[in-house]
Amino acid sequence: MEAAEKQELLKLLGEKLNQSILMYLDNCSRCGMCIDACHAYASTGDIRLSAVGRAQNIRRLFENYHKITGKVAPWLNEAVEIDERWMERVYDTAFTCTGCRRCMVYCPFGIDTQQIQAIAKAMVLGADMDPKPLTMRAKNSISKGQNFQQTKEKFIKELDKIRAEFCEKWPGMEPEKAIPIDVQGANVLFVSMAEKPSILPTASILNAAGEHWSLSYFEAVNFGAFLGSAEMAQQIYERIVNEAESLGAKNLVICECGTAYRIMKHVIGKRSFNVMTFLELMDKYVKEGRIKLDKSVVEGKVTYHDPCQIARNGGVYEEPRNVLKALTDNYVDMTPNRLENWCCGGGGGLVIAAEPEWRMMTSRVKADQIRATGAEVLTTGCEMCFAQLKDVNDDFELDLEVKLVSELVSEALIWE
Amino acid sequence: MADKFWYVVMVPMVYVSVAWCLFWIVARIAEVLRSPGLPRTLRIFPDGKSLHEPPSAPMAGAFWDAFTMPSVRKTKPLFWAFLIAFHIAFLLLILAHLDILPQVKIMPKDSEHMLGNGVVGVVITVSLFYFLVRRFRTPVREITVPGDYLILFLLLCVAVSGDIISWGNSWTDSGFVMTKKDFAGYLDSLVKFTFADPRQYLSGAHYSVIGTHVLLANLFLLYLPFSKIMHAFFAVPLNKLRRG
């Protein structure tokens, strides 16, 4: 590795050393409480994949370049030099961490492995070793925001097709009103995954509830966050923030996407609009009687996977359960659930960036947990989890029906 | 020669160790405080209720998490029991050492024992032994670095030498028995910077055991600011980050 490149990468490390990171790096007592908390370790038994195993890569580098003990007695805390080998090792551990933060629940100090892995990811990105599928998508998102006017026409053309499909499935509405855009002062600005499966059911629910809403031009998912790049993540979420502010939207409702929700709810700071996930909005509609659901539509025992970024890292636990209990009398929780639920293994962009074999290898505990419920329908509130759980269902032959909560609600809607 | 060595260990080295320890603890805390904060929350949500309202007393929650370690209690109860026993005993041990000062009067002046009659030291020793053995077992062994063994071994040596002083005082009828008053003389001279020879207060062959205990404690103090024991100062702020 060239000296200049080394310096550049070490500069990236230095820039990341804020208050929380310094405390996270310095205070781990390596008690091992986080080891069993990681689904990747629990499924594979590979210590490098445990939270502490992953974090040690960064700690050893930090020890070498930022601590007196690293200079006086490098053997003491196993300080390491930055080189190609270290970069390869750190790539393997950084981009296999889903950032679920389950380890944080069990650590006596609450050390946030996701934050430590953000350093690793920044350095991997700096060394141009980043996972290209994620980077490409992040750049596309940014470019879409920058060339908004040019892409708008294409967006509307695609949307018209979806509108036509909507009106065919749920006749009686004008296409433009069925999926409206550019609505000034809308009560809800809905940010979808920009894909038909995501828009159709949610649009049906919003319309059934008589909502005054508008569809966002932009997709919710934030690939910049998956890459651990705060700058890219900001460029991506600012597009949505600008749109919501220019329309004067009262509520920014994020589709079933965990990372997008957490960023908009907990990262962007206080704005002129309220942020909620579509799960919360559906719960509100059910409670207010704005939508009615036919309990006979969903057959068999139903269970729910808490998406890490919506539940543990977002605080939304009961809302999806309320909705599901309005849908069926045959609901069962997984064990563990809510705060301690196992990660699906597809978060942090792994569903896009990681090999399916890898994702399945680290999802054994998830498969066991789902199997133990005896459920026939598996639901979740995050599209990334949804994609991963479908693969888990196939690979582990769980023989379940995997659905998003919004899909189930849309199917069970009673139109009046 | 030996007398000179023990004098250096028991007087000047104590000052250097304490000053070094305090300086670096302050420096380490200042380093963190001077660093930029993160403008967003790093909290996790123990329950759903807190989503729409400010977290209920996050500082109280952080203290609770730091001092009771609920996640450890739930998943590794034996480890938790030793951790709690160790930390309580450690606090009592600090109190017991302060009690040696003539101005503090928890135990009587002529007491041959410190606070806890030696039990506190035994609890610490047993706990440390457990922590050390635990480090030799998979999977904790795989994540342990030499520094982890060193700090535990150092603490264990300090504790065992302390236990020997404590037991020595009860093993013999004459010659080795030292009361709180004897130790108080030594500690008082340190506090008052008299630079007096500790031999004046601590007589007999027992002196080298006390010297060894002080030497190990000095080494511990010299290493403490660079060890993970700094978590004593950061456990609450760290838990506060998690609590929001």
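For chain B, the unreviewed UniProt entry lists residues 6–27, 78–98, 118–137, 149–168 and 205–224 under "transmembrane region", an annotation that may be inferred rather than shown by experiment, with positions given in the numbering used here. This is a predicted model, in which local features need pLDDT of at least 70 and side-chain atom pairs count only at pLDDT 80 or more, while totals for chains, interfaces and linings use all residues. Residues are numbered from 1 along each chain as its sequence is written, and side-chain values use heavy atoms, with hydrogens and water left out.

**Listed spans of chain B**
- Residues 6–27 of chain B are 95% helix and 0% strand, with end C-alpha atoms 30 Å apart; helices (H or I, at least four residues) and strands (E, at least two) are DSSP runs.
- Residues 149–168 of chain B are 100% helix and 0% strand, and their end C-alpha atoms lie 28 Å apart.

**Salt bridges**
- Over all chains there are 40 salt bridges, each a side-chain nitrogen of Lys or Arg within 4 Å of a carboxyl oxygen of Asp or Glu.
- Asp26(A), Glu63(A), Lys67(A), Arg28(B) and Glu31(B) are linked in a network of salt bridges.
- Asp329(A) and Lys295(A) form a salt bridge with their closest N and O atoms 2.6 Å apart, and this pair links parts of the chain 34 residues apart.
- Asp329(A) is exposed at 68% relative accessibility, whereas Lys295(A) is partly exposed at 38% (buried is under 20% relative accessible area, exposed over 50%, partly exposed in between, with a 1.4 Å probe and protein chains only).

Notes
Chains lettered and ligands numbered in written order.
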